[in-house]
Amino acid sequence: MTTSLFVLPPALQNNPLLTFGRGIAAYSEVKPEHISPAIEFLLKHAQDAVDIATSPNTPSSWDKLAEPLEDVTESLGRSWGVISHLNSVADTPELRAAYGEMLPGVTAFFSGLGQNLALYQKFKELKNSAEFGKLNRAQQKVIENSLRDFRLGGAELSDADKPRFAQIQDEQATLGKAFSDHVLDATDGFVHSITNESELVGLPEDALAAAADTAKQKGLEGWAFTLHFPSYYPVMQYSENRALRRLMYEAYVTRSSELAPQYAKGNIAWDNTQNMLDQLRLRDEEARMLGFANFAALSLAPKMADNVEEVDGFLSHFAIKAKPFAKKDWIELCAFGKSNLGLADGLEPWDVPFVSERLKQERYSFSENELKQYFPLPKVLDGLFQVIQTLFGVKIAAADLPTWHADVQSFSVSNAKGNIVAYFYLDPYARPGKRGGAWMDDARGRRVLSNGEIQVPVAYLVCNFAPPVKVDGVLRQPTITHDDVITLFHESGHGLHHLLTQVGALGVSGINGVEWDAVELPSQFMENFCWEWEVLEKMTDHVETGKPLPRELFEKILAAKNFQNGYMTLRQIVMSLTDWRLHSNFDANNAKGHAVLDVSREIADEFNVIHQPEISRWINTFSHIFAGGYAAGYYSYKWAEVLSADAYSAFEEAAKLTGSVLDAKTGTRYREEILEVGGSRPAAESFKAFRGREPSIDALLRHGGLA
């Protein structure tokens with residue numbers, strides 16, 4: 001469907017950001033020159049709608065106030081979403097410039113919307129009207145969330161304060177984009193080439209093939225390595241060349257810092273040191289303007305956790321629980337490095353992944369690379385889809401949606417009656433111009449339209465797996481690590497939350513309106529299936545022999561599941577505490593220089609068991625909190641892990657009766673009580689409706705070997 005929702009002037013009638021209506025954008029047709037005209041048109045259209053909504057003549061009703069505003073903000077949001085998505089997965093200098101040009105205007109509109117006192121009054125009138133009681137629960141939740149968001153958006157600020165508040169939002173958006181751009185540029189900007197094969201001892205065949213392919217693409221001789229994770233991490237994990245590991249490590253941890261020109265071939269203009277301080281100052285100012293003691297307190301207003309002390313206590317308690325296990329992991333690692341690998345002077349940070357991999361191989365008699373050969377991506381996808389179809393009573397099939405790159409796949413999701421209820425994209429491979437990491441994003445939300453039709457949701461699932469490579473001139477099936485399998489299941493859990501919703505009000509359908517510290521529940525829940533024999537048996541085929549994963553090897557990876565989990569858990573908590581304390585008790589206004597780095601060091605010194613090297617500037621690439629929406633929210637991964645482990649234990653309980661964790665009856669309850677309701681009710685209520693009780697930490701500690 002490519003019909004515009006607006007009457008377009010002749011100059012805009014072929015603009016792909018305006019012509020897709022409620023359908024799917026023609027991504028490959030979007031050019032940088034389309035962005036400014038389309039967004040300027042949509043901003044004017046949106047502002048006109050706001051003016052009508054705030055008119056005294058407009059009734060404070062759902063169909064005259066809330067629904068028209070939802071229509072117009074969705075249109076702007078979806079077109080801007082296409083641009084933001086392309087900026088993340090297909091970055092070019094021209095696209096980046098066009099995106100940056102319009103970012104202030106979009107930020108200003110949504111900031112102004114949140115500050116609009118007349119609109120706030122209209123929504124209060126609707127909340128207090130007789131009609132409110134007749135609205136369905138989802139519509140009521142939209143109104144209640146809107147009133148909260150108006151307060152948090154500055155609607156109650158004085159006219160004298162509102163311009164500064166709007167300026168803060170604009171500056172934060174600009175800084176967040178710059179932070180992300182700097183990390184991408186710093187990652188793309190490094191390449192290390194090697195022409196002497198003797199320097200590559202230990203690297204697996206597929207890593208060498210990928211490095212040779214990278215060198216060829218960049219016009220270099222031999223093999224080339226970058227700081228994109230599929231290129232970087234195999235070096236750290238397998239290379240016997242300690243000098244190479246050190247070189248790559250030092251480049252990786254100094255990205256986007258003042259040390260990058262020395263270690264990472266970086267540009268000093270990509271240094272994020274001042275950017276972080278500026279963002280923290282603005283967040284603190286925003287919080288205080290709204291009457292909160294700090295940004296952490298402000299961030300909790302729409303979350304499950306009650307107060308700053310509760311979160312700090314949760315993380316500190318978890319750190320204390322994990323630290324003895326982390327110490328044990330570290331002592332074992334150092335002893336093994338000394339006795340088996342000749343590292344008598346102790347382990348350096350660039351030794352840790354290498355020694356860990358060797359210890360794991362000796363203890364459990366398998367290597368990650370050996371295991372990887374059993375996970376061709378197409379077979380893994382089949383297995384993932386089978387789990388989803390069995391548990392939730394849906395069918396997944398290939399679709400033919402417009403895409404932005406030849407590697408991108410699209411799929412439809414149908415219900416038991418054969419009706420398509422959702423679509424999703426999978427963009428699996430790392431490439432230049434694509435932001436690192438993995439994420440799910442909302443391309444289109446589910447809603448019931450005014451004519452009664454259902455707009456089905458669409459999601460993006462984005463990963464950064466190693467792309468397929470040629471071995472001996474033959475293009476080999478792309479294989480992924482077991483960690484990559486877990487990542488894929490994780491993002492699919494977010495996707496299911498968005499795609500299987502049955503809520504008709506856009507503001508609370510799918511992931512919309514879900515408390516930030518509960519939004520990871522469905523994603524972390526799905527990870528558990530990656531450790532089940534009945535799942536792995538059916539989603540593995542050795543890339544050369546075609547044989548499934550042997551039961552003996554499965555038992556080894558299960559035994560190794562919690563290998564170094566104390567250390568890994570503590571690492572996650574240190575990152576969470578760094579985020580939390582930067583936003584709760586850090587004096588950003590009087591901080592200078594490396595004050596942010598100093599906070600990370602203090603927390604690492606207090607809780608971590610591995611020393612943070614002097615040159616490490618990992619915080620300068622902590623995109624989750626400085627460019628990814630997780631500011632004062634990184635703790636939510638651990639918070640939601642408690643919920644997800646407890647939710648999964650319901651399937652373990654069912655398996656004792658049925659013999660299978662893929663229990664459709666329990667899956668139906670989970671779908672109905674967690675996935676389908678989206679943000680239409682508090683997450684605590686949804687969890688209790690599914691489990692019949694409050695959440696318990698016991699399952700998480702048991703799963704992680706920390707009990």
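Buried means under 20%, exposed means over 50%, and partly exposed is in between, using a 1.4 Å probe and protein chains only.

Before I go on, this is a predicted model, so local features need pLDDT of at least 70 and side-chain atom pairs count only at pLDDT 80 or more, while totals for chains, interfaces and linings use all residues. Residues are numbered from 1 along each chain as its sequence is written, and side-chain values use heavy atoms, with hydrogens and water left out.

Back to the cysteines. A disulfide here is a pair of cysteine sulfur atoms within 2.5 Å, and the structure holds 0 of them. Cys334, at 23% relative accessibility, counts as partly exposed.

Now, the aromatic rings. Rings of Phe, Tyr and Trp (its six-membered ring) pair if their centres lie within 6.5 Å; planes under 30 degrees apart are stacked, over 60 edge-to-face, and the rest tilted. By this rule we get 41 aromatic pairs. One of them is Tyr120 with Phe150, a tilted pair at 5.5 Å centre to centre with 35° between the planes. Tyr120 is in helix α4 (residues 117-127) and Phe150 in helix α5 (residues 137-152), so the pair links parts of the chain 30 residues apart. By the way, helices (H or I, at least four residues) and strands (E, at least two) are DSSP runs, numbered from the N terminus. Tyr120 and Phe150 are both buried.

Another tilted pair is Phe525 with Phe651, at 5.2 Å centre to centre and 55° between the planes. Phe525 lies in helix α18 (residues 521-527) and Phe651 in helix α24 (residues 636-658), so this pair ties together parts 126 residues apart in sequence. Both of these Phe residues, Phe525 and Phe651, are buried. They also belong to a cluster linked by ring pairs, together with Phe392, Phe529, Tyr648, Tyr670 and Phe690.

Rings meet charges too. A charge sits over a ring if NZ of Lys or CZ of Arg is within 6 Å of the ring centre and within 35 degrees of the ring normal. Lys265 lies over the face of Phe190, 4.9 Å from the ring centre, and the charged end of Arg435 sits over the ring of Trp439, 3.9 Å from its centre.

On a 1 Å grid over the protein atoms alone, a cavity is a set of points where a 1.4 Å probe fits but cannot get out, while a pocket is an open set with protein on both sides within 12 Å along at least five of seven lines; lining residues have an atom within 4 Å of a point. Grid points are joined across faces, edges and corners, and a volume is the space filled by probe spheres set on the points.

The second largest pocket holds about 520 Å³. Its lining has 27 residues, with Thr214, Gln217, Ala430, Arg431 and Pro467 nearest the centre. Which helix gives the most to this lining? That's α7, with 6 residues.

As for cavities, there are 4 of 30 Å³ or more. The largest cavity has about 120 Å³ of space, and among its 13 lining residues, Leu5, Phe20, Gly21, Ser75 and Ser79 are closest to the centre. Here α2 gives the most to the lining, with 4 residues.
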